[in-house]
Amino acid sequence: MGVIKRKGIMFASLAASFWAISGMQGQSLFTKYQFQADWLVSVRLFFSGIILLTIAMLWKKENILAPFKSKKDLAALLIFSVFGMFAVQLTYFKTIEASNASFGTIIQYTGPFFVILYESFRRRKVPSPLTIGLLFTTALGVVFIATKGEFTNLSISSAALVWGIGSAVSLAFYSLQPRGLLAKYGSFVTVGWGMLFGSVFSNMLQPMWQTDGIITPASVVSIFFVVTIGTALAFLLYLSSLQYISSSLASTLTAFEPLLATVFSIVVFQLPLTMFEVAGFLLVLGSILLIQKKL
């Protein structure tokens, strides 16, 4: 393996690790410091958006105001901001708030299956037998995780399951809707404005200057990590990895984020896992890795 490829793999792996730790830090902020998911989303989107747009303008020398020259593109950007960026962040952290970082991450990563279902519906084409089999395997894995093998009872709240499914659907929309914007304006400008516009909507619902959370040096460090390292730096590392490795390899490496989130949850929060939950995680993760090759 060449030095360049190893560098790309390292960047993508670090991005996955930072995203996983970000979810874990979010769980800590919710359970230990009584912050709300809505508030964290408002803070995360606002500051991360500013960071990414600053990088785009000062480092990459991009015209960050370019999307404002087209009413059609601006409208598409606003749609992406609310129904893509804001929705995917809110549903993800709401799932963690109602369950844990491990479950929140694993169920969000079922989003690619909704992408495939949408593409099949749009093209009026029945998914392949392999895809149907992977969908069934994923659903079975989620059932194992949600019930811990007690199939008549949910081991997680119904709110966590609903938010989790919403997170997967939002991730699918997030992946599909802005493709034209990304091709025209690039990732930093598109995602940066998506975050900043999304923060405006988020702050209308939950202003970031109003919180009942416990402000301590430790909680401030966790918030800083979620905003900078877990969002802006992770995104930058992932994009940088694409300069050295293929997008399919990069997406496959970041698909290990659910596994990392589970490991971190076990180590940090002493998350107990039953054999059914372990089997469920393996089924879902295996399906995710296989389906990445089809996207």
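Helices (H or I, at least four residues) and strands (E, at least two) are DSSP runs, numbered from the N terminus. By that count the protein has 13 helices and zero strands. From the N terminus on, its elements read α-α-α-α-α-α-α-α-α-α-α-α-α. The radius of gyration is 19 Å, close to the 19 Å from the globule rule for 295 residues, so the protein is as compact as a globular protein of that length. That radius is taken over C-alpha atoms, and the rule is 2.2 Å times the number of residues to the power 0.38.

This is a predicted model: local features need pLDDT of at least 70, side-chain atom pairs count only at pLDDT 80 or more, and totals for chains, interfaces and linings use all residues. Residues are numbered from 1 along each chain as its sequence is written, and side-chain values use heavy atoms, with hydrogens and water left out.

Now the whole chain. The C-alpha atoms fill a box of roughly 55 × 50 × 40 Å along the principal axes. Buried residues make up 52% of the 295. Buried means under 20% relative accessible area, exposed over 50%, partly exposed in between (1.4 Å probe, protein chains only). Contact means heavy atoms within 4.5 Å. Of the contacts with a separation of 6 or more, 85% join residues 24 or more positions apart.

Next, the interior. A nonpolar core is a set of buried Ala, Val, Leu, Ile, Met, Phe, Trp, Tyr and Cys residues joined through side-chain atoms within 4.5 Å. The largest has 42 residues, and Phe-93, Phe-188 and Trp-193 have the most contacts inside it. H1, H2 (37-59), H3 (71-98), H8 (179-185), H9 (187-205) and H10 (217-241) each supply at least two residues of this core. H2 gives the largest share, ten residues. Apart from this core lies another, of 15 residues, among them Ile-106, Ala-255, Phe-281 and Val-284.

Phe-188 shows the packing at one residue. Beyond four places in sequence, Phe-188 touches residues including Leu-52, Leu-53, Ile-55, Phe-235 and Leu-239.

Two further residues deserve a look. Gln-27 sits in helix H1 (residues 3-31). Gln-27 is buried, because its relative accessible area is 9%. Outside four places in sequence, its contacts are Ile-96, Asn-100, Ala-101, Ser-265 and Phe-269. Ala-261 belongs to helix H12 (residues 257-269). Ala-261 has 0% relative accessibility, so it counts as buried. Ala-261 and Ala-101 are 160 residues apart in sequence, yet 6.3 Å apart in space, C-alpha to C-alpha.
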